[in-house]
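Let's take a walk through this fold together, one local feature at a time. Have the sequence and the model open side by side as you read.

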Amino acid sequence: NIFIIMEIKKKHIVVLVGSYYPNFSAVGICARNVVDELKKEADISVISQKTDINEKDEEEYDGYRIIRNSTKLNTLRLYAINKKNTLPKLFSLFWLILINLIRTISFLRAILCKVNIKNDQVDEYIKVLASVGEKKTIDTILCCSFPFESTLAGIQYKKLHDKQVKVIPYFFDNFVERDGLHRTGWNKRMKWNKHIDLVKAVLKESDHLFVMHTLRNHFQTYYTEDVEKITYTEHPLLIEAKANAYKTNEHAVLVYAGAFLKHYVEPYFLVDTLKEILKRHLINIDFYVMGNCTKYIDELTSQFPINVKNYGKVTFETANRAILAADILLCVAECSGIQMSSKIFTYMSVGKPIILFYNNENDINKRILSKYPLVLFIKEEVKITKETSARIVNFIEINKNNRLNFCEVCSLYPEAEPRFTAQKILTIIQ
């Protein structure tokens with residue numbers, strides 16, 4: 001007998017995302033985690049945005065192809081940033097002025113346009129999608145929103161180029177309520193209804209949607225049609241640590257890895273608290289931070305140079321090694337309490353004790369972490385009290401050597417495992 005073995009054709013999934021390798025954004029990390037699962041059963045292409053002028057337009061990465069796009073304005077911005085950072089200070093002034101001019105243009109565009117959509121960004125995504133589709137038929141487009149433009153590009157590609165392709169938006173971010181995107185409160189309020197209608201149109205035109213649990217209330221309030229298309233899920237950030245770091249310090253090591261941004265994630269209460277603790281207790285604190293509100297961390301390192309270090313902006317891998325080496329992990333919630341910090345799942349994945357500083361009683365991070373056994377919640381106050389300091393010190397002493405194993409964490413948050421979402425996607429596209 002002659003047996004003919006036919007190879008089952010793999011689906012071709014194209015993932016649209018903002019910042020990806022090598023400068024992963026929070027959404028980029030989520031996308032990568034899901035891609036790592038999807039690539040086991042499908043062919044993957046990733047279309048991302050350029051984050052550095054020296055990045056290649058295309059490159060092979062971890063078994064799949066990354067194709068980068070950039071609008072003319074973004075290309076000019078990246079070129080100016082590169083010149084400013086490489087030229088002597090005297091000669092970089094022109095490029096600094098140009099960077100600020102581009103920021104002003106972006107601000108005005110957000111204020112003056114009817115809806116806060118960068119149409120040139122949508123066009124760039126569509127152009128690259130068309131190029132990828134010409135070489136190999138696209139079966140599914142997974143549009144990671146943020147940026148929201150990726151969802152519009154996926155839908156437009158389906159209308160213009162291939163009506164058979166499945167379009168699945170993956171909502172990590174609330175486009176309608178995002179303050180940074182709309183620049184001012186009144187601009188957000190003025191365009192609210194138009195932006196709601198945009199999301200409704202995306203829901204209507206899409207084949208399916210994945211939406212974070214943190215956005216559930218918003219979606220259930222404003223989008224009452226086509227709800228059968230929505231799957232609510234968790235951020236796919238629970239990844240088992242590949243190696244254990246060895247403890248090298250005699251005293252407890254606290255680590256904060258992330259950003260500090262004015263009016264968003266602010267370090268003031270954290271710094272004041274740590275100052276009080278460091279006056280009386282021997283602990284080591286390592287910061288791996290970036291943002292426009294880091295001078296308070298620098299002041300803390302100056303005051304306690306032996307115990308506090310600020311390593312600044314580092315790679316994702318370096319930050320992860322620091323998290324593995326820590327005894328206690330520090331997290332500061334976003335001021336309004338509505339935005340989840342992506343690093344809390346990264347923190348939980350290593351099973352370490354976590355101290356969360358929060359401002360809003362209904363903080364989403366507090367709600368998520370309430371199931372996690374090794375956590376201390378610290379409400380930010382006008383002034384640090386002795387009682388608060390004592391609670392923190394006591395928590396450190398009791399829990400600095402305590403750990404949860406990865407299976408325990410997964411049992412608490414099964415939907416946060418990337419394979420959970422990946423299997424849902426594969427089931428939908430078969």
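Asp62 is partly exposed, because its relative accessible area is 43% and the classes are buried under 20%, exposed over 50% and partly exposed in between, with a 1.4 Å probe and protein chains only. This is a predicted model, in which local features need pLDDT of at least 70, side-chain atom pairs count only at pLDDT 80 or more, and totals for chains, interfaces and linings use all residues. Residues are numbered from 1 along each chain as its sequence is written, and side-chain values use heavy atoms, with hydrogens and water left out.

Asp62 lies in the loop between strand 3 and strand 4. Helices (H or I, at least four residues) and strands (E, at least two) are DSSP runs, numbered from the N terminus. The hairpin of these two strands has two residues between them, and phi of Asp62 is near 55°, a positive value in a residue other than glycine.

## Strand 4 and its partners

Strand 4 (residues 64-69) is mostly covered, with five of its six residues buried. Two strands count as paired if DSSP finds at least two bridges between them. Strand 3 (residues 58-61) pairs with strand 4 in the antiparallel sense over four bridges, and Glu58 has Ile67 as its bridge partner in strand 4.

Strand 2 (residues 42-49) also pairs with strand 4, here in the parallel sense and over five bridges. Ser45 finds its bridge partner in strand 4 at Arg65.

## Helix 2

Helix 2 (residues 72-86) has 15 residues and reaches 21 Å from its first C-alpha to its last, close to the 21 Å expected at 1.5 Å a residue; the expected span is 1.5 Å times one less than the number of residues. Which residues of helix 2 are buried? They are Leu73, Asn74, Leu78 and Ala80. Seen down the axis of helix 2, these buried residues fall within an arc of 160°, so they line one face of the helix; the arc is that of the directions from the helix axis to the C-beta atoms.

The face of helix 2 turned away from its buried side carries the exposed residues Lys72 and Thr86. What covers the buried residues includes helix 3 (93-112), where contact means heavy atoms within 4.5 Å.

## Helix 15

Helix 15 (residues 386-399) has 14 residues and spans 20 Å from its first C-alpha to its last, close to the 20 Å expected at 1.5 Å a residue. Its buried residues are Thr388, Ser389, Ile392, Val393, Phe395, Ile396 and Asn399. They cover an arc of only 160° around the axis, which puts them on the same side of helix 15.

What do the buried residues of helix 15 pack against? Their neighbours are strand 9 (253-259), helix 10 (268-278), strand 12 (328-332), strand 13 (354-358) and strand 14 (375-379). On the face turned away from the buried side of helix 15 are the exposed residues Lys386, Glu387 and Ile398.

## Rings and charges

A search of the whole structure finds 21 aromatic pairs. The rings of Tyr256 and Phe260 have their centres 4.5 Å apart and their planes at 10°, so the pair is stacked. Rings of Phe, Tyr and Trp (its six-membered ring) pair if their centres lie within 6.5 Å; planes under 30 degrees apart count as stacked, over 60 as edge-to-face and the rest as tilted. Tyr256 is buried at 0% relative accessibility, and Phe260 is buried at 0% too.

Ring pairs also link Tyr20, Tyr21, Phe24, Tyr61 and Tyr64 into a cluster. The charged end of Arg32 sits over the ring of Phe24, 4.9 Å from its centre, and that of Arg216 sits over the ring of Tyr232, 4.3 Å from its centre. For this, NZ of Lys or CZ of Arg must be within 6 Å of the ring centre and within 35 degrees of the ring normal.

## Loops worth a look

Two cis peptide bonds deserve a stop. One runs from Tyr21 to Pro22, with omega near 0°, and Pro22 lies in the loop between strand 1 (11-16) and helix 1 (26-38). Another runs from Phe146 to Pro147, with omega near 10°, and Pro147 is in the loop between strand 5 (140-145) and helix 5 (149-160).

His263, in the loop between strand 9 and helix 10, has a positive phi near 65° and counts as exposed at 71% relative accessibility. Asp327, in the loop between helix 12 (316-325) and strand 12, is buried with a relative accessible area of 2%. Asp327 and Pro353 are 26 residues apart in sequence and 7.2 Å apart in space, C-alpha to C-alpha.
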